[in-house]
Amino acid sequence: MEKNSKIYIAGHHGMVGSAIVRKLESDGYTNFVFRTSTELDLRDQHATTDFFATEKPEYVFLAAAKVGGILANKEQKGEYFYDNAMIEMNVIHNAYINGAKKLLFLGSSCIYPRLAKQPIREDYLMTGKLEETNDAYAVAKIAGIQMCKSYYEQYGFQSISVMPCNLFGPGDNFDPRSSHVLPALLRKVVEAKERGDQEIMMWGTGEPKREFLYVDDVADACVFLMNSEIKNDIFNIGRGEDIKIRDLLLLICEVVGYTGKIAHDLSKPDGTPRKLLDVDKIHSLGWTHKVDLQEGIEKMYTWYLSHKSD
Ligand code: GFB
C-alpha cells in the first residue's frame, strides 16, 4: 500500500476494524473510506454494489462481521450464518469487480475441526467435524476463505485470509450474554469487587483452554500481510500459547485485585476443549505478537474503567 492508497475498512467501528484504523493512521496512511452499518448495510447486495462502483477502493480490510461469544453463536445460528455469508459474498465480489488490488479477510480459529490436532496448522481446515456451538458461524467464514481462494484461482484477485485466536481489547463487547469470555469475566470481576460479592460465577467447568491475543497485535499482523508480496494464502494469528479458562479468571482477579471464590454455572456450554493455533507460518515471515496476556488484560482493564459507563 502507498501512504495515499484508497483503503476501505469494512467494520471500522468494531473492535478489530477500529484497531486496523489506529494502526494505519499511526503508520501514516491518509486516504480512508468508511461507512457505518447504518449508512451502508453490507448484507444488501444493491447497496454494496453501488458503494464499490462509486468509491472503488484500492485495498479492502474486511473486518465487518456478526461476532459474539459461545452463547450468542449457539442461540443465533441463523443470523450468524446469514449476516456473515452475505457480507462476505457482497464485499469480496464487489472488491474484485471494481478492481481492488488486494483484500484482507478476517476469519476465526473456530473454522478448524473441534478435535483438531494441537497446535492447529492452516492445512487442518476441513479435515474433521466442527464444534457444534459455532458451526453456523464457522461455515460462513469457511465460505469466505473458499471464495477468496476461488477468486484468486479463477480471476487472479489477490487476497489473504487470517484466522485469529480469541481477540480482546478496546471496543470489545461486555454484554453478559453475547460477549466473549475475556470481556465477560473482566466485567464480572470488576462488578463483584465493586459490590463486595463473596463469589463470582463463571460458565462451564473452566477446563477448556483458549488462546488470547490483544487486538492491536492482530491489526499489526493484518497490515503486515496486506503489505507483503503474498498474493493469496491463509494465516493463523495468535500468541502460540493458551490458558485454561479457570486460570484466565484467576489472572483477571489478580489484575483487578479481587479475592472472592469461584462458582460454576454448569448449564452453560464448555465448547471446544482446546484450539491452540500453530503460528509458525506467520512467524516465518518475520511477524510476531508484541503484547503478552497479562499486559493486554491490564490495558483492557484500564480502558474498561474509563468506558464502562458510556
Ligand atoms: O470466548 P467464548 O465465549 O467462546 O469462550 P469460544 C467460551 C468459553 O469460556 C467456554 C467459558 O468454555 C465457556 O464455558 N466461559 C466461562 C465463559 N465464563 C464465561 C462467560 O461469562 N462468558 C463466556 N462467553 N464464556 C467463540 C466462538 O468460541 O470464539 C466464536 O463461538 C468465535 O465463533 C470466538 O470463534 C473466537 O472461544 O468457545
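**Figure 1. Strand β5 in the predicted model.** Strand β5, residues 159–164, is mostly covered, with six of its six residues buried. The model shown here and in the following views is predicted. S159, S161 and M163 point one way from β5, whereas I160, V162 and P164 point the other way. Both sets of residues are buried. In a regular strand, side chains alternate between the two faces of the sheet.

**Figure 2. The open sheet around β5.** Six strands form an open sheet with parallel pairing, in the order β2-β1-β3-β4-β5-β10. The edges are taken by β2 (32–33) and β10 (232–237); each has a single partner strand, so one side of each is left without a neighbour in the sheet. Strand β5 runs parallel to β4, and four bridges join the two. Within this pairing, L103 stands opposite S159 of β5. Strands β5 and β10 also run parallel, joined by six bridges. Here the bridge partner of I160 is D233 in β10.

Figure 3. R210 places a polar side-chain atom 2.7 Å from an oxygen atom of the ligand. On its own, the ligand has 700 Å² of accessible area, of which the protein covers 97%.

Figure 4. The side chains of K101 and E58 meet in a salt bridge, with an N to O distance of 2.8 Å. This pair links distant parts of the chain, the two residues being 43 residues apart. K101 is located in the loop between α4 (77–97) and β4 (102–106), and E58 in the loop between α2 (45–55) and β3 (59–62). K101 is partly exposed because its relative accessibility is 46%, and E58 is likewise partly exposed, with a relative accessible area of 23%. Side chains of opposite charge can pair when their charged atoms come close.

**Figure 5. Further salt bridges.** A search of the whole structure finds 24 salt bridges. One of the pairs joins R43 to D41, with the closest N and O atoms 3.0 Å apart. R43 is partly exposed, at a relative accessible area of 34%; D41 is also partly exposed, at 30%. In another pair, the side chains of D123 and R121 meet in a salt bridge with an N to O distance of 2.7 Å. D123 counts as partly exposed at 47% relative accessibility, and R121 counts as partly exposed at 38%. A network of salt bridges links K23, D27, D220 and K290.

Figure 6. P119 is placed in the loop between β4 and α5 (135–155). The peptide bond joining Q118 and P119 is cis, with omega about -10°. M126 lies in the loop between β4 and α5. Its phi is near 60°, a positive value in a residue other than glycine. M126 counts as exposed because its relative accessibility is 55%, the cut-off for this class being over 50%.

**Figure 7. Positive phi at K56.** K56 is found in the loop between α2 and β3. Although K56 is not a glycine, its phi is positive, at about 40°. At 44% relative accessibility, K56 counts as partly exposed. E58, the salt-bridge partner of K101, is in the loop between α2 and β3.

Note on methods:
Residues are numbered from 1 along each chain as its sequence is written. This is a predicted model: local features need pLDDT of at least 70, side-chain atom pairs count only at pLDDT 80 or more; totals for chains, interfaces and linings use all residues. Side-chain values use heavy atoms; hydrogens and water are left out. A polar contact is a pair of N or O atoms within 3.5 Å; within protein, one must be able to donate a hydrogen and the other to accept it, and residues adjacent in sequence count only if both atoms are side-chain atoms. Accessible areas come from the Shrake-Rupley method with a 1.4 Å probe; for residues, only the protein chains shown count as cover. A salt bridge is a side-chain nitrogen of Lys or Arg within 4 Å of a carboxyl oxygen of Asp or Glu. Buried means under 20% relative accessible area, exposed over 50%, partly exposed in between (1.4 Å probe, protein chains only). Two strands pair if DSSP finds at least two bridges between them.
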